[in-house]
Amino acid sequence: MPMSNKIDTNKALEIKTEQLSIINQFSSSLLQLDTLEELFKCVTTEVVNRLGFVDCVIYLADESTRTLNQVASIGIDDERYKYRAQRKKINFNEGITGFVATNGEAIILGDVSADNRYIADERPAQSELCVPLIYKERILGVIDCEHPIKDYFTNAHLEILTTVAHLLSAKINQVNTVSSLQKTVVQLNDAQKLENSLLQIANLTYEASNLDVFFESLHNIINSLLRADNFFIGLYDKQIDILDIVYIVEEGIHTNTHQKIAKNQLKDTASYYLLQNEQTLLLDKQQYMQHIEQGHFKMVGRQSESWLGVQFKTNERISGVIVIQSYDSNLQYNEHDGALLTYVSRQISMALDRQLTRQELEHRALHDELTGLANRSLLIERIKHATLRLARAKKGTCHALMYLDFDRFKSINDSLGHEVGDHFLIKICELIKSTVRSTDTFARLGGDEFAIFMENITHKNQVNEALRRIQTVLSKPLNVDGHLLQASTSIGIAYSDKVDDEAYVLLQQSDAAMYEAKSTGRGQVKFFNNTMRKKLKTHADIENDLQHAIEHNEFELYFQPIFTISTGDIVGFEALVRWHHPNKGFVSPNDFIPIAETTGQIINLDLHLLDLAAQHISDWHQQGYRFLKITVNVSSRHFASLDFVAQIHAIYNKYQLPLGSLCLEITESGLIENLALATQIIEGLSPLKVRLCLDDFGTGYSALGYLHQLPIHVLKIDKSFIDHLQDSTNPLVEAILSLAQSLKLAVVAEGIETAEQLAILQTTQCDFGQGFLKSKPVTAKEAIALIDKPL
């Protein structure tokens with residue numbers, strides 16, 4: 001008996017040692033492996049080889065579906081047994097394997113036929129050993145072994161397989177944890193990369209000035225996030241129904257040329273379908289073909305394996321598409337890629353909107369709003385650049401500037417209205433534009449004044465040909481809003497052939513030539529010459545001397561009495577300016593007033609003369625002379641700013657003038673051009689009782705239509721009407737007097753030079769007069785002597 005016990009103990013030690021050896025080898029093998037596939041292959045192979053089993057199957061649990069999925073299986077290649085597990089998926093609570101997964105306890109069966117839970121494979125087994133894979137009370141799966149011999153599996157097998165299951169469960173958890181961490185790291189890196197890329201795209205959008213560079217940089221960033229070897233951006237213009245491929249990359253190669261898809265081809269493309277549906281389109285090869293079969297679009301170019309397109313909108317007119325295509329079956333785009341492209345499309349939309357807005361603003365800054373032609377600023381820039389290029393031009397090359405003024409435009413505007421006038425201008429411009437060369441610049445300078453800059457003239461006959469073309473297109477009457485109108489233009493021409501020629505000088509010269517043409521009749525042409533050059537020199541000298549004259553008191557006021565028609569009593573004076581130039585002597589107002597108007601110096605000159613008039617009123621008042629009014633002519637420019645109200649108030653306060661003593665005279669056109677503002681300014685002067693006199697009444701076109709709206713006090717009948725008073729009154733004079741009476745306005749007849757004219761006026765309702773018959777303009781000292789005696 002003692003001998004027998006010793007043998008059993010030794011046998012048990014050998015078995016235990018063998019078990020530990022097997023377990024150690026399993027443990028050592030598992031430690032060296034890093035992937036689940038390697039782990040499962042190792043375990044199933046070692047179990048079969050080291051434990052002498054005929055098969056070993058590993059199932060992993062899917063808790064969401066409550067199923068076991070086969071991940072590894074091995075069986076010995078033996079004709080006697082030749083056994084492999086057939087079932088790839090087993091439900092929890094199904095068979096022995098499902099029972100173990102549900103309860104988490106190992107099972108060893110010597111005779112499976114005696115257990116009704118057993119579900120046989122194609123080749124049934126006799127015994128089965130099944131252990132759970134558990135980590136921290138969570139079922140990971142099971143290891144299942146079957147054998148065709150009854151009672152094959154022992155407790156030793158159970159112990160070893162249970163230990164292996166513990167080791168494998170821990171290793172599965174470790175691999176999953178590492179894999180999860182690696183995925184998290186990858187996701188974080190991808191997220192950071194995506195965030196950086198989106199920031200780069202946002203910065204690109206903000207800084208974008210050159211769209212071609214913007215698109216290329218954008219594509220480079222997109223390509224770093226997803227494969228975009230075949231990529232394009234298209235802009236669709238609704239008005240012309242054309243898709244312009246503004247950026248395209250094919251097989252990784254960028255093509256610089258724009259490709260335009262015209263109307264007849266556009267309707268067949270997937271891009272057009274995308275534009276119409278206004279939503280992201282993600283298609284695999286089969287889906288793409290289904291759309292073709294349904295007639296949504298046609299096959300254009302190669303068949304792609306994956307097609308992703310996103311639509312975007314820039315404004316009411318411009319929309320667009322971004323499309324990426326894959327011709328590799330292994331590269332399929334997904335919804336994440338679609339979300340990225342959608343973000344990109346918004347950035348493109350913003351960049352385009354900013355670019356188009358900038359272009360529109362630049363265009364507006366350099367073009368006339370009504371006609372769309374270049375404006376003065378753009379014309380001057382073109383002249384400057386062209387003049388510099390003369391240094392590299394062939395000898396004899398020059399530039400020409402035509403200055404055009406449309407004849408009788410003001411009468412059309414005044415008689416038919418501004419809308420007809422605008423349409424008339426637009427039609428004329430369209431006709432002339434059809435005659436100019438593509439290298440010429442046709443510009444609107446303002447109102448009815450235009451210019452055509454002709455570059456690189458090699459023979460002056462080219463200018464004559466251009467003139468002939470213009471005269472031809474304007475020869476026929478134009479139907480404008482039902483009115484048959486004849487267009488004609490006065491043209492002045494100047495040449496430039498030196499690199500140091502100034503653009504503004506060329507404009508002045510052609511402008512001077514145009515005025516010469518206009519003075520000789522309608523539709524005339526004049527070329528700038530030396531006579532005009534001398535006039536311009538005089539103009540420039542006067543312009544330079546004007547400010548000096550104001551500062552050095554070279555201007556003097558003369559006063560022409562305004563008297564009652566019936567008695568000849570003086571009621572006031574009209575102040576008239578005289579310039580005593582230190583070198584040139586007397587300079588006529590007809591010479592310097594128009595120049596002051598053109599240059600804007602008239603503002604300072606008028607304020608200076610108003611101040612002079614106020615000084616005289618103040619002096620006369622302090623010397624005890626009776627209250628009289630002095631009327632000063634002022635430019636219509638003052639009626640374009642409310643500053644004028646403050647300036648007149650300041651003059652009244654400075655000299656403590658009696659209310660109503662300083663009055664203003666202005667031409668009717670000056671008020672009509674700024675009617676609303678002029679009315680506001682006149683009302684602002686009413687507390688000072690400033691009377692407003694409308695000069696040259698009857699010579700304009702619009703006064704009768706606007707007269708009732710103007711808060712004026714006095715009408716002046718123009719001298720040209722008084723000249724025709726001979727034997728009887730002039731019907732026009734009678735009409736003006738009748739109108740003034742109905743509007744309760746005083747009337748002054750100016751330019752009375754004969755006793756006959758005065759006698760006729762004395763038979764009318766005319767209140768006041770002025771003219772050489774009674775007194776020419778006199779100095780302030782002479783005016784004082786006239787105050788207290790009738791003329």
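Rings of Phe, Tyr and Trp (its six-membered ring) pair if their centres lie within 6.5 Å, with planes under 30 degrees apart counted as stacked, over 60 as edge-to-face and the rest as tilted. By that rule the structure holds 18 aromatic pairs. This is a predicted model, in which local features need pLDDT of at least 70 and side-chain atom pairs count only at pLDDT 80 or more, while totals for chains, interfaces and linings use all residues. Residues are numbered from 1 along each chain as its sequence is written, and side-chain values use heavy atoms, with hydrogens and water left out.

**Aromatic rings**

- The ring centres of F53 and Y152 are 6.1 Å apart and the planes stand at 75°, so this pair is edge-to-face.
- F53 is in the loop between α2 (36-51) and β1 (55-62) and Y152 in the loop between β6 (138-147) and α4 (155-207), so the pair ties together parts that are 99 residues apart in sequence. Helices (H or I, at least four residues) and strands (E, at least two) are DSSP runs, numbered from the N terminus.
- F53 counts as buried because its relative accessibility is 1%, whereas Y152, at 23%, counts as partly exposed. Buried means under 20% relative accessible area, exposed over 50% and partly exposed in between (1.4 Å probe, protein chains only).
- Y273, Y288, F297 and W307 are linked into a cluster by ring pairs.

**Charges over rings**

- R302 lies over the face of Y327, 3.7 Å from the ring centre. A charge sits over a ring if NZ of Lys or CZ of Arg is within 6 Å of the ring centre and within 35 degrees of the ring normal.
- K460 has its charged end over the ring of Y495, at 4.3 Å from the centre.

- α2 has 16 residues and runs 22 Å from its first C-alpha to its last, close to the 22 Å expected at 1.5 Å a residue. The expected span is 1.5 Å times one less than the number of residues.
- Buried residues of α2 include L39, F40, V43, V47 and L51.
- G52 follows α2 and has a positive phi, near 75°.
- Helix α9 (residues 335-366) has 32 residues and should span 46 Å at 1.5 Å a residue, which agrees with the 46 Å between its end C-alpha atoms.
- At the start of α9, a side-chain oxygen of N334 comes to within 3.0 Å of the backbone nitrogen of H336.

- Residues 397-530 are 41% helix and 31% strand, with the end C-alpha atoms 21 Å apart.
- H399 is in strand β14 (residues 398-406) and, at 0% relative accessibility, counts as buried.
- A polar atom of the H399 side chain lies 2.8 Å from the backbone oxygen of A386, and the side chain of H399 also reaches the backbone nitrogen of N456 at 3.0 Å.
- Beyond neighbours within four places in sequence, H399 is in contact (heavy atoms within 4.5 Å) with residues including L390, F453, I457 and Y495.

**Q560**

- Q560 lies in strand β21 (residues 555-564) and counts as buried at 7% relative accessibility.
- The side chains of Q560 and Q770 are joined by a polar contact of 2.9 Å. A polar contact is a pair of N or O atoms within 3.5 Å; within protein, one must be able to donate a hydrogen and the other to accept it, and residues adjacent in sequence count only if both atoms are side-chain atoms.
- The Q560 side chain reaches the backbone oxygen of S775 at 3.1 Å.
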